[in-house]
Amino acid sequence: MELANARSALKRKRNDAIEPFDNGTAAAATTDVSSIDLSLLEAVEKSQTTVEVLDLKTLKKLVLAFERRLRDNIEARLKYPDQPDKFADSEIELHEEIQRLKTLAGGPELYPDLVNLNVIPSILGLLSHDNSDIAVDVVGLLQDLTDEDVLEDNDEPARVLVDALIENNVLELLVQNLTRLSESDPDEMAAVYATLSTLENLIEVKPAVAEMVCERTKLMRWLLGKIKVREFDSNKQYASEILAILLQNSAANQRRLGQMNGVDVVLQAVAMYKSRDPKTADEEEMVENLFDCLCCLLMPLENKERFVRAEGVELMIIIMKQKKLAYGSAIRALDFAMTKYPPACERFVDVLGLKTAFAAFMGKIPMSKKNKKERYQEELEERIISLIASLFGGILRGSRRDRLLSKFVENECEKIDRLMELYIRYSDRVKAETKRMNQLKLDDLEMDEDERYNRRLEAGLYTLQLISIILSHLWSSENPRMRARIELLLKQQRITKEDIIDILQEYHDNIGDVDGPEEKERAQAKIQKFILAF
């Protein structure tokens, strides 16, 4: 109760006091405006607009004043531990000095000097202050000092500051403080956002922080708890974004979150949108972040297994059938789950996913403002082609294989017609990019073979390769109706089997050994069989 009184006293004074580095006007609610001395107002205005030059001398003054107020507060708390009124004033003065330190964000080139003055441990120590308002002040200070706009073009000072913060346990202290903040308090809710912002800023300067913070703290568990909450707010949105950042380039974090039941939690979070759309643009962004998290989680094999066990395949099919905003994201998640993972492919067929997938393949996608954009439709098209290629790669025999192949025979082989239509479109794109690069070569702009290949992949070669692989599966099935249809379409479009063989051969020659030399050999042998079949 006494501590609460001290906090409320600090809050009152924070709201009522004129802050020296704030250009806003002070509120004097109880003063009669007509009785104010105009000369006094002018003096106040002049004092507000006086700007002190930010140099090493000013920095030392600010640090010295802060250290003095910190010492006074520590002494007052030790002397009167059970009498908050006795140390409330020292807390207000400490708050004001922390606010003054925010001006250092205007001179990031001084950060190495700030570190050399050895004040970082004192600042960070306040994240554990008994008065959470002081900790909130420090979070705001750290957010300002590490702001992306402030650190732009100041790479070396930024690295010096961030290294010093990490050496002094900023990650552990920020996350410990995060767990004690109550979002029912507006100031503390803002501090949660500022904490997440600071962590993002630290990762921006030093990407290794993404794994460090997960190794050393319980941040991931806190983030999972936040995205579980049904109600939407800005902090839930930011939590989803930070989680996606932590997962996007870290296999270690992907595995770590999987072990924490993360796949199940993220599935529960996206399940809230299986039959309804987000209400605002911010909520829509959060849903996209959640699907980004899910797709990153589906990179390690063990998480694909967790996804299937948690009925993730079924959930994605339901989302597709509902035809809401998350439709395209569900296809993307299925593509990640089924790539090089036959059990997911088998489950997909077993729960009648083929009908839904082939409706999308035929271009029957729900229309909205978002997916009217041409690039969105192209991405969806490429994903569904990848998904079907994964199905053929994951289901090699039996009744499931027969059901998959039968889709290309029904309705007078309309899906083979669609496949050839896509083949022509992507082939034309790749030819156009090749022509463009050849022109650059004539203009003496040299490109090595790897760069040329990557440019062609981006232009649509990868999707063209997948289409050729699907055609190869159909041809290798030796179904007379399918072969006859393929031969008819090749003849009509003046495409030869050699054209398809060339695409397959280039794909064969560029298969990497990311999954090991044995897997590379297996993959190349499979493509070689297709080449021989044609």
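This report describes the fold, the nonpolar core and the cysteines of a predicted model.

The protein chain holds 29 helices and zero strands. Of its 534 residues, 48% are buried. Among contacts in the protein chain with a separation of 6 or more, 76% join residues 24 or more positions apart. The accessible surface of the chain is about 27200 Å², and carbon and sulfur atoms account for 48% of that area.

The largest nonpolar core has 160 residues, and the members that touch the most others in it are L246, M316, F348, L391 and F408. Helix α26, which spans residues 449-476, gives the most to this core, with ten residues. Leaving aside residues up to four places away in sequence, L391 touches M338, C345, F348, V349, L354 and L404.

One of these partners of L391 is a cysteine, C345.

| Residue | State | Relative accessible area |
|---|---|---|
| C296 | buried | 14% |
| C345 | buried | 0% |

How many disulfides does a search of the whole structure find? The search finds zero. A disulfide is a covalent bond between the sulfur atoms of two cysteines. To count as one here, the two sulfur atoms must lie within 2.5 Å. For C296, the closest cysteine sulfur is in C293, and the distance between the two sulfur atoms is 6.8 Å, so they are too far apart for a bond.

Methods
Residues numbered from 1 in each chain as written. Predicted model: local features only at pLDDT ≥ 70, side-chain atom pairs only at ≥ 80, totals over all residues. Heavy atoms only, no water. Helix = DSSP H or I, 4+ residues; strand = E, 2+ residues; numbered from the N terminus. Buried < 20%, exposed > 50% of the residue type's maximum accessible area, 1.4 Å probe, protein only. Contact = heavy atoms within 4.5 Å. Areas by Shrake-Rupley, 256 points an atom, 1.4 Å probe, with all protein chains shown as cover. Core = buried A, V, L, I, M, F, W, Y, C linked by side-chain atoms within 4.5 Å.
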